[in-house]
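Hi,

Here's the structure I promised to pass on.

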Amino acid sequence: MTKNKPPFRYDIVGSFLRPAALKEKREAFAAGTITAADLKAAEDEAIRDLVAREKEVGLHAVTDGEFRRRYWHLDFLTELQGVTEISAENWSVHFKGAQPKARTARITGLVDFGKHPFLDHFKALQEIAGKDTLVKMTIPSPSMLHLICCVREKHYEPIPQYQDQNRLFTDIALAYQHAIKAFYAAGCRYLQLDDTSWGEFCDADKRKAYAERGFDLDELARHYVEMINRALEAKPDDMTITMHICRGNFRSTWFSSGGYEPVAETLFGRCRVDGFFLEYDSDRAGGFEPLRFIKDQQVVLGLVTSKTPELEKEEDIIARIREAEKYVPLDQLCLSPQCGFSSTEEGNLLTEKEQWAKLRLIRDIAEKVWKDA
């Protein structure tokens, strides 16, 4: 189990179920019956309790559960300079069931990082966790801004400064360079880029629909990897940056399906993140063969679902790790849930007790599989 650099043998994606008391406070704030200071105090208390539970279950890096957010991505993206949150008639993709509250983002000016509130979120988490505890910060990947504003949006009209799409790719990359430098200066050494674009690019139906609208997804995938790699040029050697990929996660539903093969060579073979957190909890993610393109990155297998309460069988998870080992050496493999437990404030359809049972299962399996690694 000796591994002193993230990602760890048993790890987490980031979000946790919001406690009922915190949900009530957020509703009260929305109704105008409590102040922003009251809400922050409730968030601090909930995060303090969460961090204690994360340490208790043995995690080597803790998150704030994304308790200060409504959505895993929009809260970050719409606080970037040049990006505005707007209302929408429908969510930008269609889930196979319940739908999130419809909001989206629009590029309205030159994109940059600026003075971003997530820096304060990180500092608050580090203070709560203690200086000797590694904390993990999760933010949406650079590709998500372009995907939401320019690809999913059927009526996208670029502002004059971004008539040349290459300038937009450059500015997004530079904005994320500034973000990486700012988080590092604040003390962050473990950053994760969450990204559902690759799940969409794996989906045959979505590929067909985008092609009919004139998008070449293979070319777009190359642009996204180049943009991410340019952002990563700002990463210091003692900082770990990983990417989490899934196919949608809202109220235990999903919106994409398909194995990693359509993107594997471009993404796994060329993207210079330190590790990939990969959804692998159902047959919608396909097999492990695409992992043959992995180079020296760590691969965190998301074999335990965060969508349903039933506990997986230990022997089944171990057998799948052995399957993955045919393509990636065991020393490069780790284990985690397939996604967070609450990618939006509503949360998935399981209880907090069931959530923690999942993490204990992951810990116990990892301790067996990597005991001699």
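A quick word on terms before the details: "buried" means under 20% relative accessible area, "exposed" means over 50%, and "partly exposed" is anything in between, using a 1.4 Å probe and protein chains only. Bear in mind that this is a predicted model, where local features need pLDDT of at least 70 and side-chain atom pairs count only at pLDDT 80 or more, while totals for chains, interfaces and linings use all residues. Residues are numbered from 1 along each chain as its sequence is written, and side-chain values use heavy atoms, with hydrogens and water left out.

Let's start with helix α1, residues 20–30. Helices here are DSSP runs of H or I with at least four residues, strands are runs of E with at least two, and both are numbered from the N terminus. In α1, the buried residues are L22, R26 and A28. Looking down the axis, they fall within an arc of 160 degrees (taken from the directions from the helix axis to the C-beta atoms), so they line one face of the helix. That face packs against α2 (36–56), with contact meaning heavy atoms within 4.5 Å. A20, E24, E27 and A30 sit exposed on the other side of α1. After the helix comes G32, with a positive phi near 85 degrees.

Now the charges. I counted a salt bridge when a side-chain nitrogen of Lys or Arg is within 4 Å of a carboxyl oxygen of Asp or Glu, and that gives 25 of them. One is R9 with D331, at 2.7 Å between the closest N and O atoms. This pair links distant parts of the chain, 322 residues apart: R9 is in the segment before α1, and D331 is in the loop between α11 (314–324) and β10 (333–337). R9 counts as buried, at 3% relative accessibility.

R26 turns up again here, in a salt bridge with E345 (3.5 Å, N to O). Since R26 is in α1 and E345 is in the loop between β10 and α12 (352–369), the pair ties together parts that are 319 residues apart in sequence. Both R26 and E345 are buried.

R53 is partly exposed at 34% relative accessibility, and E56 is exposed at 61%. Elsewhere, salt bridges that share partners join R26, K40, E43, D44, R68 and E345 into one network.

Cheers
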